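Hi,

Here is the model I promised to pass on. Have a look, and my notes on the two ligand sites follow below.

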Amino acid sequence: MEIHARYGGVVPELASRRHIETVGFVVDEALKAAGKSLDDITAVAVTKGPGLIGSLLVGISYAKSIAYSKNIPLVAVNHLKGHIFAAMIENDVPYPFISLLVSGGHTALYLVKDHNDITLLGATRDDAAGEAFDNASKIVGLGYPGGIIIDRLSKSGRADFHKFPRAMISKNTFDFSFSGLKTSFRNYITGETNEYLEKNLSDIAASFQEAVVDVLVSKAFKAVDKYNVKGLVVSGGVAANSRLRERFYEAGEEKRVNVYIPSKALCTDNAAMIGVAGYLDLGSGTTEYLTLNALSRYYI
Ligand code: KG4
Ligand code: ZN
């Protein structure tokens, strides 16, 4: 994280080099923590995409070498499916459910009838929710990754200090848009003095965060209503946000909807979610060949 913080975001070439340096160590540590050896493993799941091609290729090459040398199946996992099924690690979520996926690169709503039957209901037309957090943090000079920084700062702030726009909140669509919020935030910040900003920074952060969370809560529960499901899964890096978690659980109780949000470490990118999604695919016989390639763009 430190090497990326220096540049205000992930630098693809640095990321893939770090992957090469660490992948072997990470796999060894995971096996050690589980009290297993490679000989106990019956299949390998690996992320096929979407993502940074260099990093994906490192993972795929490593996974292929394990599958080949141990003669076990290789399962290719969509990163987004990994985020959705992260919810299955701690809960047995019954189908069908609505999934709200909020990460640094994606913001989307899905109707999930089964692990192989997922329908996209809507997605962001411009920035992702996580990107909005990262941008806001950068604009006020607080650095990367913005979500955690804004989250922490907001805890001592007033969410009703300033009203930022809630784009498309009442429109009859499951699409999102966060670029207008980014512009509005930038205009607001550049229009105020440094003294004012310093004094009110936590209030401004909390007001910004509330605008993002308001839209997400509103759209997700509208989808639950429309498709008449009992469960709502919220996952992806932004689902680690404290205020988001609080608001979704509150609304779930009020509307009698079962809300499932993975614990914070399982919301941000992790390998366990790829393992679970791969396990589900393996159960339905979906395996890959050693010709498997990475896809930087790969949607559900
Ligand atoms: O899912 P993720 O780890 O990676 C992607 O697949 O993109 O999500 C990363 C995003 C970043 O934009 C980061 O700022 C955001 O998740 N994020 C948060 C929080 N923790 C991470 N956003 C809001 N509040 C948080 N606590
Ligand atoms: Zn992710």
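Predicted model: local features only at pLDDT ≥ 70, side-chain atom pairs only at ≥ 80, totals over all residues.

**The zinc site and its neighbour**

His79 (NE2), His83 (NE2) and Asp269 (OD) coordinate the zinc ion (ligand 2) at 2.0 to 2.1 Å; donors here are N, O and S atoms within 2.8 Å of the metal (3.2 Å for Na, K and Ca), and with water not among the atoms, sites may look incomplete. His79 sits in helix H4 and Asp269 in the loop between helix H11 (264-267) and helix H12 (271-283), so to speak distant parts of the chain, 190 residues apart. Helices are DSSP runs of H or I, at least four residues, numbered from the N terminus.

Residues count from 1 along each chain as written, chains are lettered from A and ligands numbered from 1 in written order, and side-chain values use heavy atoms, without hydrogens or water.

Ligand 1 has 18 residues around it (a heavy atom within 4 Å), and Gly104, Asp134, Asp151, Gly237 and Asp269 come nearest. The shell splits into four nonpolar, eleven polar (Gly counts here) and three charged (Asp, Glu, Lys, Arg) residues.

As for polar contacts (N or O pairs within 3.5 Å), a backbone N or O atom lies 2.8 Å from a ligand 1 oxygen in Gly104 and 3.0 Å from one in Gly237. A polar side-chain atom of Asn241 is 3.0 Å from a nitrogen of ligand 1.

Terms used:
Polar contact = N/O pair within 3.5 Å; in protein donor to acceptor, adjacent residues only side chain to side chain. Helix = DSSP H or I, 4+ residues; strand = E, 2+ residues; numbered from the N terminus.
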